[in-house]
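Subject: Structure handover

Hello,

Here is the structure we talked about handing over. Please open it beside this email while you read.

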Amino acid sequence: MSRNLIIILITCSVILIAATFFTDRTSSAAPGSEIAKLPENHWSQPLKSQGPPPQEWSELEQSLHPESCAQCHEEKYNEWKTSLHAQAFSPGFVGQIMTYTTERANNCMECHAPLAEQKQDFEAAGKQGEFHIPTAQGLAAVGNSCAGCHIRENKRFGPPKRDSGATGQSDTDNPHGGVFRTVDFEKSDFCASCHQFPQEYAINGKPLENTVFEWQASPQAAQGISCQNCHMPDRKHLWRGIHDPDMVKSGLTAEYDVKTNKARFTLTNTGVGHAFPSYITPKVIMQAVALDQQGQPKPETARSYIINREVGYAGGRWLEYSDTRLLPDESATLEIDWGDNDRIRMWLEIYPDEYYEKEVYTDLVKEYSPGSPEQALIQKALDAAQASNFILFDTTLEKPE
Ligand code: HEC
Ligand code: HEC
Ligand code: HEC
Ligand code: HEC
Ligand code: HEC
């Protein structure tokens, strides 16, 4: 049930998004900035085919493949390769879309492998019965890659030149005809076409993925801190998020307060520029338990507090059951009585892929026929989701005298 919701919402959303964000921004652009603007249709989905590249370009310049970019932009390639954008054509993704019609699969690909050329290659793999084989998927396999963000009609687009801040078209005699540089690459709107679903599909007023609106309301946005500032520091192409313990830690402050009758664990969103967590898929649990003389947990004393957003289908409509996510500067508190115990352990559990694991993959593994390629992919995704869980702020407190 809930899986279908995501599919419907996501599929319907795609066309509308570019319109909402890019129209707004263009009309409010500062005087003069129209000189070096990203074309309005940069993120109009579905992306159009690049068309034939200039004949005089070398094979390397003509290629849309990230491995080709790597020949001249090695550092960016090495960073991107470790990111989830490079893994967006994942087993959990392919294991689902290979069972869809082409039209529906293409809708999903608008955020996971957005180039027209990627859709063509994936369709071609399917015609050979090789949807599930990465080497047969061609350009589709590279997921959300360099060309998806930087190339339209074979033309390169990028941010202002690093040292001079120059914008506009560089010398077209340079490799791949130079580059068109624009401040639009430095703005949060650049991420919106894939990280913000439209208001039309909101549940209890909030779209399932509402990251850009959450950011707009944040103190960080008021200070001019963009998505790129936190997720691409020094323009690094790493995009660390909920799957990365250090990144998650960087956004939170954990405090412990020891009173004679109670111990308290307070968690505050001090550095996440949107809700923690932003999406409906992760689940976070604050945990506390008293320890016995041997240091073993005493289960009857355990306390926990869940931080996430839960939606579901009941009585013929979609409902939000709870939303305990922490907006910027918000805190959650967990208290536990000392009783006659001397030590209490407190920690934070992070389940980055909880929703996919419990609501999507577990069902699909049973639904799909045993031994089929799609079942093997979903099994792989289920294993990876389970392996992605981690613990932060693990602390043992001593009872005060
Ligand atoms: C043959 C070497 C070569 C290849 C291959 C190449 N580039 Fe470039 N790229 C350059 C050079 C040189 C510049 C600087 C151009 C300029 O300043 O006019 C550049 C600039 C850029 C910029 C702007 C960077 C900045 O400093 O602002 C982007 C973005 C870019 N390339 C993307 C790509 C992508 C994406 C690919 C692969 C599809 C690619 N390039 C393949 C050589 C290459
Ligand atoms: C073409 C669509 C697209 C664009 C544009 C895009 N993203 Fe993403 N992003 C995705 C997809 C899809 C994933 C999930 C990949 C996966 O795990 O399969 C993702 C994952 C991420 C993650 C990791 C989330 C996690 O679970 O840890 C971060 C962080 C992120 N993106 C930030 C950004 C930022 C910042 C921008 C703008 C500079 C941006 N993205 C632009 C599609 C996009
Ligand atoms: C509007 C953009 C968008 C569309 C369209 C979209 N996704 Fe995603 N998807 C994302 C983003 C962004 C993430 C990462 C969420 C996060 O961590 O914040 C993601 C994550 C996922 C993941 C978990 C990460 C992984 O790759 O294993 C799966 C599975 C997935 N999407 C499947 C689908 C399917 C199936 C469809 C089509 C029904 C679809 N997506 C359509 C943006 C999109
Ligand atoms: C999800 C979108 C996205 C993807 C995928 C992506 N980039 Fe970028 N890239 C950006 C953005 C946004 C910036 C500007 C960041 C900023 O200004 O903070 C940028 C900046 C750059 C720059 C300029 C760096 C500098 O130091 O001035 C180069 C070069 C570049 N990208 C190359 C690549 C290459 C090569 C790949 C693939 C290996 C790639 N990009 C993948 C969005 C993307
Ligand atoms: C002030 C720093 C900061 C800003 C600004 C920021 N983020 Fe994040 N983001 C984080 C931190 C820290 C995490 C890890 C904790 C978490 O998952 O909430 C994160 C997590 C994420 C995730 C993982 C999924 C999830 O459910 O949390 C995505 C996707 C993401 N950010 C996208 C964006 C986009 C898109 C923007 C701009 C609209 C943005 N972020 C702005 C710091 C920031």
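Below are the notes on what was found in it, sorted by topic.

This is a predicted model, in which local features need pLDDT of at least 70 and side-chain atom pairs count only at pLDDT 80 or more, while totals for chains, interfaces and linings use all residues. Residues are numbered from 1 along each chain as its sequence is written, chains are lettered from A and ligands numbered from 1 in the order in which they are written, and side-chain values use heavy atoms, with hydrogens and water left out.

Iron sites

Donors here are N, O and S atoms within 2.8 Å of the metal (3.2 Å for Na, K and Ca); water is not among the atoms, so sites may look incomplete.

The iron atom of ligand 2 has His-85 (NE2) and His-195 (NE2) as its protein donors, at 2.0 to 2.1 Å. Its 6 donor atoms subtend angles of 85 to 179°, which makes the arrangement octahedral. Six donors count as octahedral if opposite donors are over 155 degrees apart and all others between 65 and 115. For comparison, ideal angles for six octahedral donors are 90 or 180 degrees. His-85 lies in the loop between H4 and H5, and His-195 in helix H9 (residues 189-195), so the pair ties together parts that are 110 residues apart in sequence. Helices (H or I, at least four residues) and strands (E, at least two) are DSSP runs, numbered from the N terminus.

As for accessibility, buried means under 20% relative accessible area, exposed over 50%, and partly exposed in between (1.4 Å probe, protein chains only). His-85, at 21%, is partly exposed, and so is His-195, at 36%.

His-150 (NE2) and His-237 (NE2) coordinate the iron atom of ligand 4 at 2.0 Å. This site is octahedral, with angles of 89 to 179° among 6 donor atoms. The two histidines come from distant parts of the chain, 87 residues apart: His-150 is in helix H8 (residues 146-150), and His-237 is in the loop between helix H12 (227-231) and helix H13 (245-250). His-150 is partly exposed at 22%, whereas His-237 is buried at 14%.

The iron atom of ligand 3 has a single donor from the protein, His-112 (NE2), 2.2 Å away. His-112 belongs to helix H6 (residues 102-112).

Aromatic rings

There are 12 aromatic pairs in the whole structure. Rings of Phe, Tyr and Trp (its six-membered ring) pair if their centres lie within 6.5 Å; planes under 30 degrees apart count as stacked, over 60 as edge-to-face and the rest as tilted. The ring centres of Phe-89 and Phe-122 are 5.2 Å apart and the planes are at 85°, so this pair is edge-to-face. Phe-89 is in the loop between helix H4 (74-81) and helix H5 (91-97), and Phe-122 is in helix H7 (residues 116-127), 33 residues apart. Both Phe-89 and Phe-122 are buried. Ring pairs join Phe-89, Phe-93, Phe-122 and Phe-131 in a cluster.

In two places a charge sits over a ring (NZ of Lys or CZ of Arg within 6 Å of the ring centre and within 35 degrees of the ring normal). Arg-104 is over the face of Tyr-100, 4.1 Å from the ring centre. The charged end of Arg-345 is over the ring of Trp-347, 3.8 Å from its centre.

Salt bridges

The structure has 18 salt bridges, each a side-chain nitrogen of Lys or Arg within 4 Å of a carboxyl oxygen of Asp or Glu. Glu-214 and Arg-325 form one of them, with the closest N and O atoms 3.0 Å apart. The partners are 111 residues apart, with Glu-214 in helix H10 (residues 211-216) and Arg-325 in the loop between strand E10 (317-323) and strand E11 (331-337). Glu-214 and Arg-325 are both buried. A network of salt bridges links Lys-206, Glu-214, Arg-309, Glu-320, Asp-323 and Arg-325.

Within helix H4, Glu-79 and Lys-76 are 3 residues apart, about one turn of the helix. Their side chains form a salt bridge (3.3 Å, N to O). Glu-79 is buried at 10%, and Lys-76 is partly exposed at 27%.

Regards

How values were computed
Tetrahedral: all angles 85-135°; square planar, octahedral: opposite > 155°, others 65-115°.
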